[in-house]
Amino acid sequence: MFTTMLPSTLSSFFLLVLSLMICASNAQGPPSPGYYPGSKISPISFDQGFRNLWGPQHQRLEQGSLSIWLDSNSGSGFKSLHSYQSGYFGAAIKLQPGYTAGVITSLYLSNNQDHPGNHDEIDIEFLGTTPGKPYVLQTNVYIRGSGDGNIIGREMKFHLWFDPTQDFHNYAILWKPTEIIFFVDDVPIRRYPRKVDATYPNRPMYVYGSIWDASSWATEDGRYKADYKYQPFIGRYKNFKLQGCTINESPSSSCKPPSASPSGYGSLSLQQISAMQWVQRNYLVYYYCHDPKRDHTLTPEC
């Protein structure tokens with residue numbers, strides 16, 4: 001067959017094969033990070049670490065799995081029993097398939113109840129979507145944000161290399177005095193280092209989860225709204241993991257979170273960095289530092 005191909009046809013053929021190989025490689029998921037911090041922590045039950053915060057009638061606990069849902073009456077949210085100075089915070093989450101535009105399912109850290117109008121936050125948020133389009137996982141960090149909309153977001157948004165509606169996957173935030181790392185199935189997808197105090201959250205925070213209507217901005221900048229003919233919108237959580245020092249504990253080996261990387265590395269290992277770069281190369285869809293519409297004098301870390 002090859003002997004009858006014209007050079008241009010042969011070239012096109014090999015480009016096609018190469019592109020198919022790249023797609024197949026991407027479909028297999030990221031390269032192994034070589035280290036799995038989530039495996040160092042035993043899961044806890046919901047009641048061991050959390051309580052309902054709002055929408056109790058839209059929350060159900062069955063066989064270790066928590067379901068919270070949004071309908072036209074209400075959403076729901078939960079909160080950790082303790083406030084933490086640092087730590088590893090994660091859960092396995094399964095998202096709703098189908099039309100979920102305008103709906104946000106989240107796992108995040110915040111001190112908004114202790115510092116209303118001037119609070120810190122570290123977010124994992126799943127931005128709902130329309131059929132045929134993937135969910136967006138939004139990570140965000142902001143410091144001393146105010147309730148009047150003057151919040152300087154530091155968003156990095158990703159698509160995922162799997163369908164998050166088909167099964168539970170593990171999502172986690174590792175918050176240390178020196179850096180914040182976001183993990184998906186123990187693969188680091190983002191590292192936010194502490195460069196100066198003014199751009200880093202260092203006040204104690206609680207852990208939250210919620211499902212709520214954010215139609216004004218969540219899906220394609222608010223183009224698609226929540227449509228309650230598809231209700232209820234359900235977020236499912238299990239395998240909760242909390243390990244860190246509460247505000248009543250002095251940092252010690254008993255409350256310290258697991259290391260982000262194998263022994264001997266101050267931060268991520270080279271293998272973990274390679275896995276993170278793979279994710280950012282193939283699945284990053286927005287990075288605030290590269291947004292020409294942003295005033296980067298407000299984000300000096302860029």
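I started with Ala92 and found that its bridge partner in β10 is Asn170. That belongs to the antiparallel pairing of β5 (residues 84-94) with β10 (residues 169-175), which covers seven bridges. For my own record, strands are DSSP runs of E with at least two residues, numbered from the N terminus, and two strands pair if DSSP finds at least two bridges between them.

A note on what I'm looking at: this is a predicted model, where local features need pLDDT of at least 70 and side-chain atom pairs count only at pLDDT 80 or more, while totals for chains, interfaces and linings use all residues. Residues are numbered from 1 along each chain as its sequence is written, and side-chain values use heavy atoms, with hydrogens and water left out.

Next entry, the whole sheet. I read the order as β2-β3-β14-β5-β10-β11-β12, an open sheet of seven strands with antiparallel pairing. β2 (59-62) and β12 (187-193) are the edge strands; each has a single partner strand, so one side of each has no neighbour in the sheet. The twist from one strand to the next averages 20 degrees, with axes taken as lines fitted to C-alpha atoms and angles running from 0 to 180 degrees between N-to-C directions.

Then I followed the chain from β10 into β11. A hairpin of three residues connects them, and the two strands run antiparallel with five bridges. Leu174 has Ile181 as its bridge partner in β11.

Is β11 buried or exposed? Six of the six residues of β11 (residues 179-184) are buried, so the strand is largely enclosed by the rest of the structure. Buried here means under 20% relative accessible area with a 1.4 Å probe, protein chains only. I checked the facing too: Glu179, Ile181 and Phe183 point one way, and Ile180, Phe182 and Val184 the other.

On to β12, which β11 meets in antiparallel fashion through six bridges. Ile180 sits opposite Tyr192 there.

Terms used
Helix = DSSP H or I, 4+ residues; strand = E, 2+ residues; numbered from the N terminus. Buried < 20%, exposed > 50% of the residue type's maximum accessible area, 1.4 Å probe, protein only.
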